[in-house]
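Reader: I'd like to learn how to read a fold from the whole chain down to a single residue. Could you walk me through one?

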Amino acid sequence: MEQQRQRPRIARYKPYYFKPVPGKTYLWCSCGRSANQPFCDGSHRGTEFEPVRYTATEADGEILFCGCKHTKVRPFCDGAHNNLKDTYDEDDPDSEANRCITTVIHDRDGRFELNGACYVGRVSGIAPSERGNTRWRALVTAATGAKYQSFFHLEVSGGHSPVMAFGDADVVLLATAGDGRIEISGRSFPLAPESGIYVRPRETFRIDNPGEESISLYLAVCPQAAEPDFTRPMHDSFDAAHPDRVVPFDQSKRQQMGDRTFQLLVNKATGSELVTQFIGTIPRSKAAPHRHLYEETLVVLRGNGMMWTEDLKAKVGAGDFIFLPAKQLHSLQCNDPAGMLVAGVIYPGGNPNINY
């Protein structure tokens with residue numbers, strides 16, 4: 001009978017944040033027995049485990065070493081710790097400490113400001129600009145605290161929108177209302193709610209709305225842009241090496257994350273190397289406070305709840321957006337018995353399952 005493989009011990013569920021020295025080699029503990037986590041101290045002797053050698057490069061400014069030892073991308077965290085329990089790590093919103101958290105009830109130009117440049121935003125509270133049949137609002141920019149991405153809201157009434165361009169940036173859109181088509185550098189695709197769309201650098205695009213209902217979209221630009229460029233003509237420069245650009249929400253393609261789920265819409269499979277777009281479900285709960293290495297913008301599509309940071313919180317509901325700087329401590333609470341549906345864009349990053 002084949003001998004069963006030993007399972008590593010879980011040193012801790014969350015990963016270890018670390019700033020390595022370029023050129024230095026580290027030995028990551030794979031057995032979970034080391035008293036010097038996340039590094040090897042020789043405790044694996046007598047087991048089938050061996051440490052994993054990792055040499056830092058100049059590009060490795062900040063990393064997350066796996067703490068649960070179940071990662072498939074050793075020695076780094078891949079989010080596997082979120083599926084070692086039946087439920088996502090939770091926090092009690094009614095604890096004595098949480099009852100002292102202040103609720104932000106006043107906004108600044110549509111943004112309810114929380115700790116560390118994090119904020120909850122109401123699209124209707126942000127002044128719009130117009131170009132032809134397109135109304136657009138700048139929701140997240142360098143001026144509002146973002147370092148890596150910009151985020152806009154578009155409303156397109158009947159007809160063709162002006163052609164839009166963002167130069168060398170990656171563009172990721174999320175359709176939320178209305179049906180039509182999007183033309184990307186001469187290639188046309190159907191457009192429907194809860195679909196992600198990817199526009200590659202140097203491509204141009206426009207929205208075609210054949211109906212009476214406005215088409216509503218959220219648009220992320222990475223790296224940042226202050227506003228759309230409406231001056232360029234439609235280019236015939238579609239990158240055919242990456243033909244699949246529109247990805248609809250499909251519940252059969254969801255991945256588990258404890259009792260939560262998510263589906264990747266735009267990622268490396270669609271040709272995007274650094275920008276990732278996802279859509280996910282959250283049951284009624286409050287996540288334990290955590291951080292991400294990437295910058296993130298979220299849109300609440302359905303449901304309601306509360307966004308928490310260190311000592312401030314703000315209500316969120318369908319149509320609201322949330323901006324999270326990299327490494328900002330936060331927790332999203334869902335109060336809706338039917339759960340919450342959210343869509344997010346992370347940059348730079350490839351896996352929304354990773355937190356610390």
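**From chain to residue**

Author: Let's start with charge: in this predicted model, the mean positions of the 40 positive and 43 negative charges of the protein chain lie 6 Å apart.

Reader: How many helices and strands does the protein chain have?

Author: Secondary structure comes down to a count here: 29 strands and zero helices. As for overall packing, the radius of gyration is 22 Å, close to the 21 Å that the globule rule gives for 356 residues, so the chain is as compact as a globular protein of that length. Along the principal axes, the C-alpha atoms fill a box of roughly 70 × 50 × 40 Å.

Reader: And what share of the residues is buried?

Author: Buried residues account for 52% of the 356.

Reader: What part of the contacts with a separation of 6 or more comes from residues 24 or more positions apart?

Author: Those residues supply 69% of such contacts.

Reader: Now for one residue. Where does R260 lie, and which side chain of opposite charge is nearest to it?

Author: R260 is in strand β21, which covers residues 260-266. The nearest side chain of opposite charge is D259, 4.7 Å away. A salt bridge needs a side-chain nitrogen within 4 Å of a carboxyl oxygen, and R260 has none, although it is buried.

Reader: Which residues is R260 in contact with, leaving aside neighbours within four places in sequence?

Author: The list runs Y88, Q255, T281, I282, P283, S285, A287 and L332.

Conventions. Residues numbered from 1 in each chain as written. Predicted model: local features only at pLDDT ≥ 70, side-chain atom pairs only at ≥ 80, totals over all residues. Heavy atoms only, no water. Helix = DSSP H or I, 4+ residues; strand = E, 2+ residues; numbered from the N terminus. Rg over C-alpha atoms; globule rule 2.2 N^0.38 Å. Buried < 20%, exposed > 50% of the residue type's maximum accessible area, 1.4 Å probe, protein only. Contact = heavy atoms within 4.5 Å. Lys, Arg positive; Asp, Glu negative; His and termini not counted. Charge placed at Lys NZ, Arg CZ, Asp CG, Glu CD.
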